[in-house]
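Subject: Structure for your review

Dear colleague,

Please find below the structure that I am handing over to you. My findings are set out after it.

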Amino acid sequence: MSLMEEKKAREQHKGKKRKEGKNIHTAGPAREASSRLLSRERLPHIGSSRTTARSTHQRPPEGGNRKRARPSLNAVFQDRMAPWEGSSHSDSFFTSIPPPPPPPPPPPPPPPPAPPPPISSTDPLPPPPQPIRYTQPESGRSAPVKRKILPPRWPPKPPQFRMGDHSLHSLYDTTGPYQAFTVDEAQLDVLGQRREKQCRSVWQKLKAELRCSGPRVKSCFLSGVPLLSWLPHYPFKENAFGDLISGISVGIMHLPQGMANALLANVPPVFGLYASFYPILIYFIFGTSKHISVGTFSILAIMVGAVINDVEFADDRAERNENDAEMDRVTLAAQLTVLCGLIQILLCVFRCGGVCRWLSRPLVSGYTTAAAVHVSVYQLPLLMGISIHTHRGFLAMAWTFMDVLYRVTGAVPGTLVVSSVSMAILAGGKMLNSRLKGRLPMPIPWELLLVILAIVLSEQLDLPGRYGVQTVGTIPTGLSAPVLPTLSLSKELLLPSLACAIVGFGLNASLGTMYALKHGYRFHSNQELLALGVCNAVGGLFQCFAVSCSMSRSMVQESTGGKTQVSALVSALLILAVLLKFGPLFEKLPKAVLAVIVLVNLQGIFAQIKDVPKLWDTDRLDLLVWSVSLLSALLLNLDVGLGAAVVFSLFTVVFRTLRPRFAVLGVIPGSNCYRDVRVYLKVKQVPGVTVFSCSNPLYFANTDLYFRSLREAVKTGLKENPTVNPPGQQGAVSQHCVILELSGMCFMDSTSIIMLRSVVEEFEARQISLFLAACPDFLFSQMKDHGLVPECFARCCFFPSVHHAVQHWQQVQTGTC
């Protein structure tokens, strides 16, 4: 053999030993380092104890002098610490190590456990399975690992049903991917340990609500006055600057909007400034929303003005002067506002914070659009400088508009010029703000700039004297003293005050909830009722009219950096300075400018007309609600129109449930999902099973239609979906199974339960099995209270899903249940 061939054979022998050495179980990186220092021939003999017999007992080849490398001290120490079936290495790494003893033979397998008894609702739960434990050797030599035997699986595994096969032969298939235990509600009560229903008497509930303790009194006081909870922890450095800028911006908007809305309410403009001051301070103390701006709102102002016009029209005293007429209107507005606040406080006491849910979004959209039309029509005389008669009752707005058209020839040219120029400036400024929204740190206050410009031009050009332009008039300085209204017209004002209370809180709750969800804090509806009620009740004592939040001011308050209601406090201080020092400066302001401010700010409300095409495409019943709300508010007064819109909206809810949607369900092949056979092409009914589903509650109006459809579905199922008998039972009598899927049925009244009892008796006479699947707990309690359970249905007839009911029925057919 040549020298090259001998060297090649030696390298192959080294590679073979290197591969065998890879089976050694080393003890970490230090062990690997020591292994590299040792001789490759000795490597298989000094490995860990978990190597195979081949690598442990491998002997070095004969012949060939090989140098043994001395291992490092760390490697030797770690090697001595390595386990070898309970023994350690000898002192020398070069002495032979005897092989470990052979492992003992494995123990014989235990006998199979006996099957557990059948499940009963009264049997106790079995003990949980014991965890796996490993026995530790007592001597130096390790013992084989022993694994404790687990108890038998409970509940027993039923025959698996592959939902892709629609025959009873698939019950014997054990390879299906979709497996589930056939568990009824009685077994679920045992497995899930159902809690017993605790019924408390009215006295116990009242006692729990009126329980008094120190911590509870403190919690109630802090929740009733939220200012004491958040103001001591106010982050001054983070929020102070943003609240300051936001408060100044919103305060500037309060001045023209307050005076303009006062004209809508048929009171002098200074009372609009009062309504922009007192309610803000009260909401600062009791409110929970951080971003809405409470104050005058055009919708509520026009509702108050409509009520004042009606009551004033009934008064025939023609000898009153203008000052007396104004004070009578102010007193009437204060009475209406106090009643509105008291109603809101009463709703808060009875926890009616969800009353705004009666106002659906289409209803609010149509109603506010009609209110904006009312506002626009009533602003036309101010834009033209003419006076018209006051109309009330049915078609009052239409008669007012006809009166404006009749007197349009008497419009004042100076007022028309002021209105046109103001409209162009303010509308153009709003468009510029929308174009530069992302570039400006805050919106440009075009309303304030227009008011300042109008005051200066009115003073310099003498618009009232030379051109006959109507101005605001005298504005007294100082604050109004509180006066308790007489409430002499409380009966006549009860319905309008209720409408104002619901509309005002509905607008407040919708905006407050939107900003709370956007910024991640909680909106307390009942506390908002209290806050708004106190604002109106206390504001009425200071001759204010009804207030709510404003969408335009709230958007400005959020966009300019407002974080808390400290910005509202800044706005109130700005208005207070105007009332105390700068009130006379607004006496020369033309009323046409205020009317223009009102009209331009209504553009957001008129933009809701864009929802009509979307409602036509999505839900035409909601479009009908929108149209009825609009027409009822236009043809009737705003208070009566709101009541008519709410009644019609509730009627549509009843109409939706009069014709419930029924479906016969089948299974999707290869799954345990059941869907409508009319919607899915590949859905097939389980043989001999009719699954009937309804997604509406059952009550006296739709009960007959429901059970008539159920009988038709069963009749069709008996003909088109017969039962397939199991193997070996081809001559057996075929039965049919009906499963009622009740997941979408929230309640049943007494009429429907009586009808269900008769249907159960009818199916029993025809030998048709009836099961209930996915029955809600409240519906099950109703059936139990009416005696339907267990007189007609046993607990084992209720199943958590349709799939469990189908499996149970197929096991009954095969005799495995």
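**Overall composition**

Please bear in mind that this is a predicted model. The protein chain contains 32 helices and eight strands. Of its 817 residues, 45% are buried. Among contacts with a separation of 6 or more, 79% are between residues 24 or more positions apart.

**Two helix pairs**

Two packed helices are described by the angle between their axes and the distance between the axes. I examined two such pairs.

Helix H26 (residues 620-635) packs on helix H27 (residues 638-658) at an angle of about 160°, and their axes are 8 Å apart. That angle makes H26 roughly antiparallel to H27. The two helices cross in a right-handed sense. On the H26 side the contact is formed by Leu621, Asp622, Leu624, Val625, Val628, Ser629, Ser632 and Ala633. H27 contributes Leu638, Gly641, Ala644, Ala645, Phe648, Ser649, Thr652, Phe655 and Arg656. Sorted by class, the residues of this contact are 10 nonpolar, five polar and two charged.

For helix H28 (residues 703-720) and helix H29 (residues 750-765), the packing angle is about 20° and the axes lie 10 Å apart. H28 is therefore roughly parallel to H29. The crossing of H28 and H29 is right-handed. H28 supplies Thr703, Phe707, Leu710, Arg711 and Val714 to the contact, while H29 supplies Thr751, Ser752, Met755, Leu756, Val759, Glu762 and Phe763. Seven of the residues in the contact of H28 with H29 are nonpolar, three are polar and two are charged.

**An enclosed helix**

Helix H23 (residues 591-600) is largely enclosed by the rest of the structure, because nine of its 10 residues are buried. The buried residues are Ala592, Val593, Leu594, Ala595, Val596, Ile597, Val598, Leu599 and Val600. They pack against helix H9 (236-264), helix H14 (361-384), helix H16 (413-435), helix H17 (446-461) and helix H24 (603-606).

Thr400 belongs to helix H15 (residues 396-406). With a relative accessibility of 1%, Thr400 counts as buried. Leaving aside residues up to four places away in sequence, Thr400 touches Val377, Tyr378, Ile388 and His391.

Leu742 sits in the loop between strand S6 (736-741) and H29. Its relative accessible area is 3%, so Leu742 is buried. Beyond residues up to four places away in sequence, Leu742 is in contact with Tyr706, Leu772, Ala773, Ala774, Cys775, Pro776, Leu779 and Met783. One of these contacts, with Ala774, joins residues 32 apart in sequence whose C-alpha atoms are 5.5 Å apart.

**Cysteines**

A disulfide is a covalent bond between the sulfur atoms of two cysteines. How many disulfides does the structure hold? It holds zero. For Cys352, the closest cysteine sulfur is that of Cys348, and the distance of 9.2 Å is too far for a bond. Cys352 is partly exposed, at a relative accessible area of 28%. Cys796 is likewise in no disulfide, and the nearest cysteine sulfur, in Cys797, is 4.6 Å away. Cys796 is partly exposed, with a relative accessible area of 38%.

**Backbone geometry**

Most residues other than glycine have a negative phi, and most peptide bonds are trans.

- Leu395, in the loop between H14 and H15, has a positive phi near 60° and is not a glycine. At 26% relative accessibility, Leu395 is partly exposed.
- Gln543, also not a glycine, has a positive phi of about 60°. Gln543 lies in the loop between helix H20 (525-541) and strand S2 (548-549), and is buried at a relative accessible area of 15%.
- Val789 and Pro790 are joined by a cis peptide bond, with omega about 10°. Pro790 is located in helix H31 (residues 788-791).

Yours sincerely

How values were computed:
Residues are numbered from 1 along each chain as its sequence is written. This is a predicted model: local features need pLDDT of at least 70, side-chain atom pairs count only at pLDDT 80 or more; totals for chains, interfaces and linings use all residues. Side-chain values use heavy atoms; hydrogens and water are left out. Axes are lines fitted to C-alpha atoms, for helices over the stretch in contact, and angles run from 0 to 180 degrees between N-to-C directions. Helices (H or I, at least four residues) and strands (E, at least two) are DSSP runs, numbered from the N terminus. Angles under 35 degrees count as roughly parallel, over 145 as roughly antiparallel, 65 to 115 as roughly perpendicular and the rest as oblique. A crossing is left-handed if the near helix is turned anticlockwise from the far one by less than a right angle, and right-handed if clockwise. Contact means heavy atoms within 4.5 Å. Ala, Val, Leu, Ile, Met, Phe, Trp, Tyr, Cys and Pro count as nonpolar, Asp, Glu, Lys and Arg as charged, and the others, Gly among them, as polar. A disulfide is a pair of cysteine sulfur atoms within 2.5 Å. Buried means under 20% relative accessible area, exposed over 50%, partly exposed in between (1.4 Å probe, protein chains only).
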